[in-house]
Every structure is written in structure tokens, then in C-alpha cells.
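Hi,

Here is the structure I promised to pass on.

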Amino acid sequence: MTYWLADARRGQEAGRVKRFAPMLWTVNFPRPVMASVVTAGADALRVDAVFYGSGDLAGLIWDAEDHWDHVLLAYATDRDFRNCVLRFRWRSGGIKPLDAVHGPTLTIEGRDAGGAPRTWYVRLWNYADGDPDDAQVVLDFAALDGGFLLPGEADPVWAGDVDRMFISLVPPGYGAGATAFAAPAQGWAELTEMRCDGSGSVLDIGDIMVPEHGLSMATGYDDGCNQTPERMLRSIMALGYRGDINHYVGMSHYFRLDAAGKATLTGGALNGPCAAWHADFGSRAKALGFGIIWSLSYELLDAHCPEAWKQRAANGDRALTGWDPPSTLLSPANGSAMGYLQAVARAFVGIANAAGLPVKFQVGEPWWWTMPADGRICLYDDAARAAFGGSPVAIPDVRGALSDAQKALLDAAGAVLANSTAALCEAVRDVAPGAVMHLLTYLPTVLDLAAPEAKRANMPTGWASPAFDMLQLEDYDWVTQGRSAQTARGVEQATARLGYPIAAQHYFSGFVLRAEDAAQWARISDAAEASVARGTAATFIWALPQVARDGFTFFRNGEAQMQAFDDVHFPIAIGREASVSPAFSTQTVESPSGHERRSSDWADARLSFDAGPGVRSEADMAMLAGFFRARRGAARGFRFTDPFDNCSGDVGEAPTPMDQHLGTGDGVVSQFPLCKYYGAGVDGQRRAITRPVAGTIRLSVDGTERLTGWTHIGKGVIAFDTAPASGAAIRAGFYFDVPVRFASDRLEISRATFAAGEAPSVPLVEIRE
């Protein structure tokens with residue numbers, strides 16, 4: 001697999017789109033206003049908004065330049081609107097009507113004919129025919145005037161150099177100041193029968209379709225709520241992503257607010273614009289064949305979070321993230337906070353049910369916050385103190401050595417966290433009994449090398465399989481810092497601690513926060529490829545806004561790198577009786593005199609097995625048939641233990657750290673692949689080992705066993721934290737499996753011949769990795 005950071009279309013497919021196409025409008029608004037826009041048809045859009053005070057305003061926006069789409073999908077920039085006539089039917093409710101002071105106004109931002117920056121305010125009522133809440137509007141940009149009363153206050157618009165335009169929507173109580181309303185004001189507007197005519201009414205638009213590459217997309221409502229769901233899903237589909245979309249419902253845009261500006265369940269869990277947007281998102285995703293994993297975190301925007309819900313350090317400091325404005329973490333011990341999350345979860349699951357989507361839900365990064373600067377863990381809000389006995393022991397710094405009492409407190413915190421996530425899962429299953437539950441954990445925090453005991457609180461054993469159906473791992477700090485060895489170690493530690501096999505894991509590959517760091521996509525691409533190689537069930541790119549911003553384009557680079565592999569074993573009991581056949585490929589040419597010239601095509605033997613002799617009972621046959629079906633016949637590889645050769649050392653002997661020579665250090669190279677040699681000297685044959693058995697690898701450097709400072713990063717590659725010194729001999733011992741597949745898509749087993757004593761044939765063939 002590989003990628004490309006596209007900065008422009010250079011011959012890629014393009015199509016045509018009408019200027020002012022409903023899908024391409026956006027919304028914007030100042031907090032705490034919430035608004036969303038959805039397409040209601042090929043020629044229609046709808047804006048929903050909720051206002052909390054007299055100064056609130058939302059805008060429906062058309063940009064002359066596409067700031068939101070991937071460059072290969074963006075529409076062309078054309079700032080000259082003069083040869084366009086836009087027509088639409090306007091209908092609205094809960095906002096100021098067209099004929100009112102401060103009624104819907106088209107604000108046009110650009111430059112006048114002399115190039116000076118200008119803004120014009122075009123009152124839509126001046127160009128409307130009908131009622132103030134239901135009218136036909138015609139805007140001829142070649143003959144448009146700003147001003148409230150026409151012709152007396154006419155301010156002629158020069159639409160030859162426009163940056164953007166937006167239609168303002170305000171509540172009926174709009175006016176000077178910022179007086180809070182007694183209750184939120186819900187409003188909406190619909191533009192239907194939209195039509196743009198004229199020689200400037202058509203724009204070029206990217207129309208590429210990247211081939212499916214096997215990766216999935218992660219995105220979020222907070223980052224995409226200004227766009228239409230149709231636009232976002234078009235991008236995901238066109239860029240080759242398939243399967244489930246992991247959709248973070250956010251921490252700053254879904255909630256309702258009370259009179260004090262705090263999150264509330266009064267009137268429902270979700271505000272109207274959020275509910276409308278997600279209903280459209282869910283139905284459109286289903287129509288395109290996408291699933292949705294609905295992701296809800298223990299995080300809320302700090303300004304709108306009730307004070308009692310917040311995690312706190314021992315001195316009362318709030319658990320604040322580094323975002324601007326900051327978010328805060330909800331206390332897993334606070335019943336009201338957890339009840340709120342459960343209600344929110346049920347609301348989103350209700351949207352999934354209404355859309356006919358299979359319910360998949362993620363508990364996103366639940367944890368007890370640790371202050372990054374000084375290691376203070378936030379276990380001391382009032383509810384947490386009560387849960388921990390009233391006066392829990394202080395932990396001034398979770399990093400480093402801790403006392404038994406401090407460790408016990410972390411264990412208790414982990415139990416509270418696990419109980420809270422179990423309750424959230426139960427709430428989801430209340431409205432969707434068959435829901436598939438996912439847990440997302442952020443490895444650099446919960447497995448911080450500087451805080452080895454933090455996992456007691458933030459990766460509790462109460463999460464161990466089968467508490468969830470799928471374990472999702474994220475580690476973008478490690479990825480973007482180039483710490484692939486730490487990624488591999490973290491995956492191994494999480495797997496060992498929680499017991500979810502690789503085939504029951506998802507992986508989120510990196511995150512490029514700033515555009516100036518776009519070079520980090522190389523590491524994200526490598527991490528995604530490593531995830532696929534180790535057999536992860538799904539690998540997600542995080543996230544769509546950054547993919548679009550940087551032009552990240554992912555595609556396959558040859559089928560060999562996309563081989564499907566399930567990191568599971570062939571049933572061990574059946575495999576023990578298998579026969580094995582190593583084979584080479586040798587071209588032989590014989591001369592008339594009888595002399596031969598031989599050319600070996602393969603540097604290593606390829607193994608074939610027949611596992612049929614191990615089938616001893618009808619239960620074995622049923623197990624084999626189930627395993628065959630799960631692998632889709634020959635489509636998916638798996639692990640097989642060679643009964644004759646599965647150890648780095650002599651047959652029957654346990655591995656030692658001195659068994660096999662991996663290489664010699666040079667002070668620079670830090671990665672060494674596992675291997676096994678057959679024969680000695682120049683005639684020795686080297687076999688690459690790509691599927692070592694987890695937990696069996698022993699390593700030595702210059703004859704001294706190394707227990708730390710290295711990790712297996714997958715596919716048999718050992719990565720040292722620090723490159724071994726020049727001249728240092730690297731050796732290793734291990735048990736290993738053979739990557740194989742079924743040799744055929746057909747499995748023939750007859751009960752009659754089996755009962756007569758005839759063993760079935762179950763051929764397997766080794767996979768080159």
C-alpha cells in the first residue's frame with residue numbers, strides 16, 4: 001500500500017456541477033448556537049438551528065473557493081457571479097421572517113470593481129414574491145442591490161470578485177446585547193426548487209474514484225457538522241474507504257443546554273440540528289453500503305459541563321484537555337454524569353435503528369485523566385472520593401514507583417471505570433439487544449512507559465474479553481513520532497492484558513493535527529500497513545477533515561501487500577497429525593551428454609501439509625468445516641503449527657536466546673528479522689520466520705539475554721529501542737507457526753468414507769510473507 005498527498009488535479013477525472021448545488025453549502029455559527037444543513041433532494045436543502053440568546057445568529061454559506069473537499073473532489077474556484085441567476089423557494093419557521101428588520105439577509109463578501117474589499121447586505125425580501133415565510137426568491141447577480149429599502153437605499157453589488165456569501169438566520173427575539181432566552185428557540189429554513197441559470201452557472205468538480213484499498217474511515221461530528229452528510233459520504237466513498245465508518249459524535253455540538261448554559265436532558269438528549277443531521281447521515285450511509293460505529297466519549301466541552309460531573313485532581317483542579325476551548329472529562333463515579341451519557345447513547349442508537357442500520361457502538365477513550373505536565377491523576381471529585389471511601393490516598397504523581405495503598409486506589413478506580421462502561425453498554429443494549437460493542441483505548445496514555453501502574457486505573461481487567469465484542473486501539477502520538485517499536489509493544493501488551501485476539505481488534509492509524517506536519521502521513525501509512533499485516537480486523541484512517549485538508553490519497557500498491565490473514569490457529573488437535581512436504585522449484589536442463597545445469601528458483605522451501613489424518617471424530621469434522629467456512633476457503637490465511645519443525649532450536653528443546661543468529665549491530669540499524677538456518681556455512685539455507693508465537697521470543701546481544709529494550713513489531717521483525725552497538729551479535733530463540741491457507745476452495749468430507757476408516761484430505765499450502 002502507498003499514498004499520495006495531492007495538491008491539485010492533474011488530469012484526474014472531473015465532472016460538472018451547478019453552482020449553488022445543495023450538497024455543497026455549509027453552515028457556521030458562534031457558540032452556543034447550534035445549526036446543521038442537510039440535503040432534502042437534488043434541488044433542496046434544509047437548515048435547522050437552535051438559539052439561546054438575543055445576539056445569536058447562524059449563517060448558510062456558499063464559498064467561491066472549496067475549503068472543505070479533498071483537492072481531487074473539490075469544485076473549481078470561480079469568483080465571478082455576474083452571469084448567474086439563482087432561484088429558489090424559501091420557507092421558514094422559528095426565525096425572523098423575510099420582511100422583518102434583521103430578517104434573512106444575503107451578505108456578500110468580496111471586492112468592488114476597483115479591487116477594494118467590500119461587503120454588501122442584500123435583503124432577500126426585496127427579491128421575494130409571496131409571504132414572509134413562504135416565497136419565491138430570484139437573485140440576478142448582474143443586477144443586485146444591497147440596502148434595506150429600495151430604490152432609496154440601493155447599494156449596487158459588483159459580483160465580479162466574490163469570496164463568499166451567506167444567508168443570516170436569527171431568532172424572533174434577536175436584538176442588541178446577549179440576553180439569554182428563558183427557553184431555547186428552535187428555527188429552520190428550507191430552500192427548495194433551487195435552480196441556477198446563466199453562463200456562469202456551471203463549475204468543474206473533481207469526480208475521481210479511488211479503488212477500494214481495504215481501509216476504513218474515522219470521522220467526527222464536531223469537525224464535520226458544518227457540511228452536509230451527503231458531501232462527507234461522497235468523499236469517503238470516492239477516496240476508496242469501505243466497511244464501517246467510525247463516527248465520533250463529538251463532545252461540543254450534540255447537547256442541549258439549560259438556562260445556565262450547561263448540558264441537560266430536558267427536552268431530549270440531542271439538540272434538534274444534531275438529530276436532523278445524524279438522521280440524514282445514517283440513512284445515506286446505509287444506502288451506500290456503509291455501517292456506522294457510533295462513538296461516544298467521556299468528554300464534554302468544559303464551558304457546558306456541570307461542575308459536579310468533572311474529574312478533579314486532589315487540589316480541585318479540573319481535568320482539562322489541551323484543546324481550545326478546552327474539554328473536560330466526566331467522572332465515571334458520578335451517577336448523574338453517567339446517566340447523561342447513557343441517555344445520549346440511547347438517542348444515537350435510536351437514530352441507527354430508525355435508519356435500519358445494524359447497531360455498532362463504541363465507548364470512546366474512557367479514562368481517569370492524568371495531568372500531562374506533572375502526572376497528577378484526577379480521582380478526587382466528590383463522587384469519586386465517596387466511591388473510594390471518603391479520603392482516598394493521595395497520588396501526587398502517577399509516574400514512577402507507587403506504594404501498595406496507591407496501587408490499591410488505582411485498582412479501585414479501574415473497577416469503577418469498568419463498571420461505568422458496562423452500564424453504558426447495558427444502556428445501549430436496552431434499545432438494541434444485538435448491538436456490537438467496541439472499546440477504544442489510547443495506548444500512549446494508558447500504557448505510558450513513565451507511568452507503568454496507570455493501566456490499573458485506565459486499562460482495568462474488567463474490560464477483558466468478552467466484556468466487549470471488539471477492542472479498538474489508537475496511538476497517534478507514537479505513530480507521528482516514528483515510534484513503531486512502541487506501537488508494536490503497546491499492541492502486544494493490550495492483547496495480553498485484555499485477551500482480545502488480533503482478529504477481534506481494530507486499529508486507528510495516526511492523526512495529523514496541523515497542516516504543516518503533513519509529512520507525518522508517511523508514518524501513518526506505514527502504521528496502517530503494519531496493522532493490516534498483523535491481521536487486524538479493521539484499520540481506520542483518522543480523520544476525514546485532515547485527509548481532505550492535506551490531500552491524503554491512499555491506494556493499493558500490488559496485491560501481495562493486501563493478502564488477507566486471520567491471526568488464528570488451525571485447530572491444534574487436528575494439526576498434530578498432519579503430514580508435511582517441503583518443496584523447492586528447480587529448473588533442470590540436461591545436455592546430450594547427460595550433464596545437467598540446475599537453477600533454483602526459490603531461496604527457501606515452500607511447505608505443503610495434509611491435515612486430514614488428524615480428523616478423528618465427527619466433532620473434528622464439524623470443527624474443521626466451521627474453520628474452513630470462517631476462512632472463506634482459500635481466501636484467508638491462518639497460523640499452522642508444523643508438528644515436525646516449530647522451534648528455533650533442536651526438536652523437543654525449549655528455545656534459548658542463543659539459538660539463531662539474526663545479525664550484527666552497526667550502531668544504526670535497530671530492526672532485525674527473525675530467521676532460522678538449516679545447514680552450516682555457505683551451504684546453510686536461511687528461512688524467514690514471520691509468525692513467531694507470542695510470548696516465546698528470547699533475545700540476546702553479545703551473549704547476554706535482553707529482557708527489555710526491544711519489541712516484536714510484527715511479521716517477525718524485532719525492533720530495539722536503541723540500535724545495538726557496532727559488532728554486537730544479535731541472536732534469538734522462539735517457537736513459531738507457519739502462515740498457510742487452504743489449498744482449495746472446496747472441502748470434501750464424506751461421513752460414509754470416514755466411517756469406513758478412510759481419512760479425508762485437507763491440503764494446506766504455505767503463504768509467502
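The buried residues of helix H2 are Pro229, Arg231, Met232, Leu233, Arg234, Ser235, Ile236, Met237 and Ala238, where buried means under 20% relative accessible area, exposed over 50% and partly exposed in between (1.4 Å probe, protein chains only). That is nine of the ten residues of H2, which spans 229-238, so the rest of the structure largely encloses this helix. After H2 comes glycine 240, with a positive phi near 90°. Helices (H or I, at least four residues) and strands (E, at least two) are DSSP runs, numbered from the N terminus.

Before you read on: this is a predicted model, so local features need pLDDT of at least 70 and side-chain atom pairs pLDDT 80 or more, while totals for chains, interfaces and linings use all residues. Residues are numbered from 1 along each chain as its sequence is written, and side-chain values use heavy atoms, leaving out hydrogens and water.

Now the cysteines. Taking a disulfide as a pair of cysteine sulfur atoms within 2.5 Å, I get zero disulfides. For cysteine 196, the nearest cysteine sulfur belongs to cysteine 84, 4.3 Å away. Cysteine 196 counts as buried, at 4% relative accessibility. Cysteine 274 is in no disulfide either, with the sulfur of cysteine 225 nearest at 8.9 Å; cysteine 274 is buried too, at 0%.

Lastly, an unreviewed UniProt entry annotates residues 17-206 as "domain: Non-contractile tail sheath N-terminal". Such annotations may be inferred rather than shown by experiment; positions follow the numbering used here, and feature names are shortened. Over residues 17-206 the chain is 52% strand and 0% helix, and the end C-alpha atoms lie 10 Å apart.

Cheers
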